[in-house]
Amino acid sequence: MNIRRILSVFLSAALCLSLLAGCGGAASSGSGSTSGTADGPQRYSTVFYDAFDTVTQVIAYCDSEEDFNAQMTALHADLLEYHKLYDIYNDYDGIVNVKTINDNAGKAPVTVDDKILGMLELAQQMYDTTGGKLNIAMGSVLNIWHNYREAALADDDDSNNQLPTQEELTSAAQHCSIGNLVIDDDAKTVYLADPEMSLDVGSVGKGYAVEMAAQAAEARGLTSALISVGGNLRAIGTKPDGSAWVGGVENPWDSSEVYTTASSTVAAVKMSDLSLVTSGDYQRYYVVDGVRYHHLIDPATLQPAAYFDSVSVLAPDSGVADCLTTGLFCMPLEEGQALVESLDGVEALWCTADGQVIPSSGWDSHSN
């Protein structure tokens with residue numbers, strides 16, 4: 001993958017958010033830019049880059065810059081805490097995280113923070129909701145794809161890129177049973193009963209963290225904000241004039257090497273106390289023999305899911321929306337449509353490989 005494409009992926013979420021929300025110049029964490037009149041809450045914005053390996057941008061209306069800075073300091077700290085707790089690759093001094101759980105697979109239960117328990121329990125529920133298409137116990141399979149993708153991205157010559165064999169994927173898939181994820185709520189422990197299994201919470205961790213961080217910000221008095229963590233959008237309330245925030249679904253067929261604020265979107269939706277999350281095949285991928293292999297792996301085939309180019313979900317809960325985008329991405333359209341119609345307050349938008357944009361029955365009621 002071209003390095004410019006990698007950098008553009010990193011920045012696209014913040015750029016598109018700036019376009020759709022009409023934000024002024026962004027500032028570094030803890031110091032907000034502002035716009036508006038002197039009367040009433042002012043609009044402030046900030047950006048930071050160290051949570052969940054992506055760009056976080058927040059636009060909010062607050063009574064003062066001091067109030068905004070206090071809110072953003074707390075929000076930033078919350079996201080960093082979740083980032084460390086849900087990390088599957090790194091250890092942190094004094095922190096028991098998902099990597100700790102994986103390291104103790106088949107050995108012993110691990111006592112964990114409630115923030116991990118809540119996230120894992122949501123993932124278990126969404127496994128059932130999606131018929132197993134959302135499965136955080138697929139870490140052994142996803143790690144194989146991750147290693148091949150990382151090797152490819154480290155090599156400028158695409159001709160050296162390789163694919164995992166079906167045999168090694170099938171062997172790893174023998175250790176992906178969600179039933180071997182044992183949670184004891186009373187003891188606050190998590191145990192992986194299969195010593196060769198591992199968790200990968202990339203399909204739920206960021207969304208759950210955004211939801212919990214947003215709820216904590218609301219409890220601290222934040223009443224009007226739009227949060228974007230790598231494109232996972234969560235709206236708090238409305239703007240002071242009562243109008244809704246606006247979020248956009250990026251065009252998955254845009255082949256631009258470098259995104260700008262003029263990047264096209266396929267849809268824009270009004271958001272008040274709602275989340276908008278998209279999963280797509282156009283960001284995390286590598287190329288083998290001219291074919292793009294993305295990171296969203298279908299549990300049925302152990303290969304990148306081939307139904308869509310992107311799926312977006314609009315829902316009140318960012319964690320639920322995050323899980324559903326992955327689940328819907330890995331199931332046929334008709335099956336996904338039936339699932340969405342069965343869920344209260346959930347809408348979805350499918351962008352198909354042949355260029356169609358297909359909304360769920362209630363999506364248009366949120367269109368901007």
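This is a predicted model: local features need pLDDT of at least 70, side-chain atom pairs count only at pLDDT 80 or more; totals for chains, interfaces and linings use all residues.
Which residues does Thr56 touch, not counting residues up to four places away in sequence? The contacts are Thr46, Val47, Phe48, Ala51, Leu79, Ser228 and Val229. Thr56 itself lies in strand β3, residues 54–62. Its relative accessibility is 0%, and because buried means under 20%, Thr56 counts as buried.

Next, select residues 245–250, which form strand β9. Of the 6 residues in β9, 5 are buried, so the strand is mostly covered. To find one of the paired positions, pick Glu250; its bridge partner in β10 is Thr265.

Now go to the open sheet of 3 strands, ordered β4-β6-β5 and paired antiparallel. The edge positions belong to β4 (110–111) and β5 (181–184); each has a single partner strand, so one side of each is left without a neighbour in the sheet. Select β6, residues 189–192, together with β4: these two strands pair in the antiparallel sense over 2 bridges. Within that pairing, Val110 stands opposite Val190 of β6. Then show helix α4, which packs on the sheet and touches β5 and β6. The direction of α4 makes about 130° with that of β5.

Select residues 333–341 and colour Leu333, Gly336, Leu339 and Val340, the buried residues of α9. Look down the helix axis: these buried residues fall within an arc of 125°, so they line one face of the helix. What do the buried residues of α9 pack against? Their partners are α4 (114–129), α8 (318–329) and the strands β14 (308–315), β15 (347–352) and β16 (357–359).

The last stop is a pair of helices, α5 (residues 139–153) and α6 (residues 166–173). Their axes come within 7 Å and cross at roughly 145°. On the α5 side, select Ser140, Val141, Ile144, Trp145 and Tyr148, which make the contact with Glu168, Leu169, Ala172 and Ala173 of α6. Coloured by class, the contact shows 7 nonpolar, 1 polar and 1 charged residues.

How values were computed
Residues are numbered from 1 along each chain as its sequence is written. Side-chain values use heavy atoms; hydrogens and water are left out. Buried means under 20% relative accessible area, exposed over 50%, partly exposed in between (1.4 Å probe, protein chains only). Helices (H or I, at least four residues) and strands (E, at least two) are DSSP runs, numbered from the N terminus. The arc is that of the directions from the helix axis to the C-beta atoms. Contact means heavy atoms within 4.5 Å. Two strands pair if DSSP finds at least two bridges between them. Axes are lines fitted to C-alpha atoms, for helices over the stretch in contact, and angles run from 0 to 180 degrees between N-to-C directions. Ala, Val, Leu, Ile, Met, Phe, Trp, Tyr, Cys and Pro count as nonpolar, Asp, Glu, Lys and Arg as charged, and the others, Gly among them, as polar.
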